[in-house]
Amino acid sequence: MEIFNIENLSFSYNNSDKKALNNINLTVNKGDFLLVIGKSGCGKTTLLKMLKKELMPLGDTSGEIFYKRKKISALSLKESASEIGFIYQDPDNQLVTDKVYSELAFGLENLGYSNEAIRSKTAEFMSCFGLSDMLGRDTNSLSGGEKQLLNLASVMVMNPEVILLDEPVSMLDPISSVKFIQTLKRINDEFGATVIIAEHHLNEVFRYADKVLCLDEGEILAYNSPKEICRELRDNDIEKTLPASARIYNALNLEKSCPLTVKEGRVLLENATINNNFNSNTELKNSEEILSAKNLYFRYEKNGNDIIKGCSLSVNKGGIYALLGENGSGKSTLLNILSGSLKPYRGKVKHSLKLSYLPQNPKFVFVKDSLEDDLKLVNNSYKELISEFELDDLLKSHPYDLSGGELQRAAICKVLLTQPDLLLLDEPTKGLDNFAKEKLGKLLRKLTDGGLTIVLATHDLEFAAEYCDRCGLLFDGAVTSENTSRKFFAENMFYTTPAAKIARGIIDGAVTVDDIIIRLENNYE
């Protein structure tokens, strides 16, 4: 049975000549797990918001959207609120109360459920989602992964027919991401809820999808099963967004069934002849220390627990240093200490550099009504950098109207216009697809070749493996397991890249998809 039927849908935002969606025709069946992919700014978020009446953006719309054969515009607010749930990219954007229990009860209260029914449903879902231990906690004390699971439970407690999710794991660490996606699949299987998820991080979610919808510049480029989508995108730039196993498969130009998981990817390599001529040395040659932190201790409240405790860090000139760690480990706190925004109660940070810092929420750096006016505030010589970030067509746009990926690129562009010697970035790849991340990584490497030094906090292990010189894992308030990026990921069992998991024990030292392809190219039997 059809749950959504979209007919000739086109949409453009106010004050924009470009169509965000163009002639979309799509049918989604009840119980489907639909994955929506595409480059940043291709229309994924716009499409999701068009499927929920309260979130429809303002602009010029043509065509029709039917929900269970009824025009979506004709749904009552109660129908839309209770039957169509929405999960945002940023977990904090959805939380409306200060207690976990209150957050779960909020939607039911607004729908007029009795206190007895609210208690019953809340108890059931607290148990189902493994949230019982968090019952009395403040929502602001939760990690990013816990917040996103709470958001999902808060939607599911209303028993919706559909769950729409806009890049829900983009701000989660790798372990939390896996847990969230597995919970989402369980909901799809056990409750029969229709799931429509837009996502860039595809290594975990791709294999669970029934269908994959690929958008390109607001139009449908492909719509098929996951394995067939991989084949269809073989010669397209969007292929860079696919899971590691699929990218390896496409690079080898194979015709057998496409692997979607680490296990299937390992089977693919078992019939390969390995080329052992492989140089994995990526040691940073410049040994000049330009930033040091010694024995740092920091807590937010006088009688609270230490977030940073005994943390030391050394960064050399002209490199990219990646801080890794789970949500709530203190990465953002440490960056703020390095930037001077927070002061440790013990320990010292030493550097004598011009420093710029981009916080995790890129909206914080914008103050004007157009991107161009914002950039002019910093430096009138912005046009060359704008072109490198492919933002030329967005200069007249309000920063808040940009997609997540576009906003992230614009924010990085703005902080670079300050011409810093040391750049601190908090989750710089958030909202970016693999195609955009590759461009960003190459640009950052170009800037470090010119003398810029970068320290970034990230959950993106593939990006760190590809473009960072050194990695350090922040655990229990201090940096541990520090090493060159290649050694860091090659030696880790769980906190590593999908490519490293696929290659482990088969191709020594390989931690990226390119590492594997180089060793196999023209050697596959």
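Reader: How many bridges join strand E13 to strand E17, and do they run parallel or antiparallel?

Author: Strands of a sheet pair through backbone hydrogen bonds, either parallel or antiparallel. Here strand E13 (residues 320-324) and strand E17 (residues 453-457) run parallel and are joined by 4 bridges. Two strands pair if DSSP finds at least two bridges between them. Helices (H or I, at least four residues) and strands (E, at least two) are DSSP runs, numbered from the N terminus. Ala322 stands opposite Leu456 in E17.

Before going on, two notes on the source. This is a predicted model, in which local features need pLDDT of at least 70 and side-chain atom pairs count only at pLDDT 80 or more, while totals for chains, interfaces and linings use all residues. Residues are numbered from 1 along each chain as its sequence is written, and side-chain values use heavy atoms, with hydrogens and water left out.

Reader: What is the strand order of the open sheet of 6 strands?

Author: The order is E15-E16-E17-E13-E18-E19, and the pairing is mixed. Strand E15 (355-358) and strand E19 (478-484) are the edge strands, each pairing on one side only. From one strand to the next, the twist averages 15 degrees. Helix H15 (residues 434-449) packs on the sheet, where H15 touches E13, strand E16 (422-426) and E17. The direction of H15 makes about 130 degrees with that of E13.

Reader: At what angle do helix H3 and helix H5 pack, and how far apart are their axes?

Author: Two packed helices are described by the angle between their axes and the distance between the axes. For H3 (residues 100-110) and H5 (residues 144-156), the angle is about 35 degrees and the axes are 7 Å apart. Axes are lines fitted to C-alpha atoms, for helices over the stretch in contact, and angles run from 0 to 180 degrees between N-to-C directions. Val100, Glu103 and Leu104 of H3 meet Leu150, Ala153 and Ser154 of H5 in this contact (heavy atoms within 4.5 Å).

Reader: Is Gln408 buried or exposed?

Author: Buried means under 20% relative accessible area, exposed over 50%, partly exposed in between (1.4 Å probe, protein chains only). Gln408 counts as buried because its relative accessibility is 0%. Gln408 is found in helix H14 (residues 404-416). Leaving aside neighbours within four places in sequence, Gln408 has contacts including Leu358, Pro362 and Asp426.

Reader: Where does Pro259 lie?

Author: Pro259 is in the loop between helix H9 (244-251) and helix H10 (262-269). Pro259 is buried, at 4% relative accessible area.
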